[in-house]
Amino acid sequence: LSESVLDYWRCMRAGEAMEEGSLLELVEPRFNRLTVFDPRVPHGVREVRGTRDPLQARLVLHGWFTPMENPTMTGGLSDEEATPALNEALAVAFEALDENG
């Protein structure tokens, strides 16, 4: 939802049409994009279609920021199997964040 919807009655303009574009902020799914947002704002996702081959499919990490002493993971891989690949991907992400301020 767009921020104005969270305070709908204060921001509402009588007689103005409320269409999808004025209520929602859409984030286009692009290759190699990291999307981070405040989960306290109501949100949703649409199905992204594509290959079902796990070697060619997209990776979605969904979760909450927690203290480093307390990370948890669930899924098809054990923590020991997932950690090296996640650390490699995070190193690239952190490097990109450092380059872009």
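The model is predicted. Its chain averages a pLDDT of 77. It holds four helices and zero strands. The radius of gyration is 18 Å, whereas a compact globule of 101 residues would come near 13 Å. Buried residues account for 3% of the 101 residues.

**Confidence**

- A pLDDT of at least 70 is reached by 95% of the residues.
- Helix α4, residues 79-99, has the highest mean pLDDT among the elements of the chain, at 84.
- Helix α2, residues 8-11, has the lowest, at 70.

**Fold and dimensions**

- Read from the N terminus, the order of elements is α-α-α-α.
- The C-alpha trace spans about 55 × 35 × 30 Å along its principal axes.
- Take the contacts between residues at least 6 apart in sequence: 31% of them join residues at least 24 apart.

**Surface**

- The chain exposes about 10100 Å².
- Carbon and sulfur atoms supply 56% of that area.
- A nonpolar patch on the surface is formed by Leu-1, Leu-6, Leu-24 and Leu-26.
- Together, these four leucines have about 350 Å² of accessible area.

- Leu-1 sits in the segment before α1, which covers residues 3-6.
- Its relative accessibility is 37%, so Leu-1 counts as partly exposed. The partly exposed class runs between the buried limit, under 20%, and the exposed limit, over 50%.
- Patch residues need over 30% relative accessible area; Leu-1, at 37%, is above that cut-off.
- Leu-1 is also one of the contacts of Val-41, once neighbours within four places in sequence are set aside.

- Val-41 belongs to the loop between α3 (20-23) and α4.
- Val-41 counts as partly exposed because its relative accessibility is 23%.
- Leaving aside neighbours within four places in sequence, Val-41 is in contact with Leu-1 and Leu-6. Both leucines belong to the nonpolar patch.
- Arg-30 is eleven residues from Val-41 along the chain, and their C-alpha atoms are separated by 22 Å.

- Ser-22 is placed in helix α3, and Val-5 in helix α1.
- With a relative accessible area of 30%, Ser-22 is partly exposed.
- Beyond its neighbours within four places in sequence, Ser-22 is in contact with Ser-2, Ser-4, Val-5 and Ala-17.
- Val-5 touches Ser-22 and Leu-23, not counting residues up to four places away in sequence.

- Ser-22 and Asp-98 stand 76 residues apart in sequence, and 34 Å apart from C-alpha to C-alpha.
- Val-5 and Pro-84 are 79 residues apart along the chain, with 41 Å between their C-alpha atoms.

Methods. Residues numbered from 1 in each chain as written. Predicted model: local features only at pLDDT ≥ 70, side-chain atom pairs only at ≥ 80, totals over all residues. Heavy atoms only, no water. Patch = residues over 30% accessible without salt bridge, like charges linked within 9 Å, V, L, I, M, F, W, Y side chains within 5 Å. Areas by Shrake-Rupley, 256 points an atom, 1.4 Å probe, with all protein chains shown as cover. Salt bridge = Lys/Arg side-chain N within 4 Å of Asp/Glu carboxyl O. Helix = DSSP H or I, 4+ residues; strand = E, 2+ residues; numbered from the N terminus. Buried < 20%, exposed > 50% of the residue type's maximum accessible area, 1.4 Å probe, protein only. pLDDT = per-residue confidence, 0-100. Rg over C-alpha atoms; globule rule 2.2 N^0.38 Å. Contact = heavy atoms within 4.5 Å.
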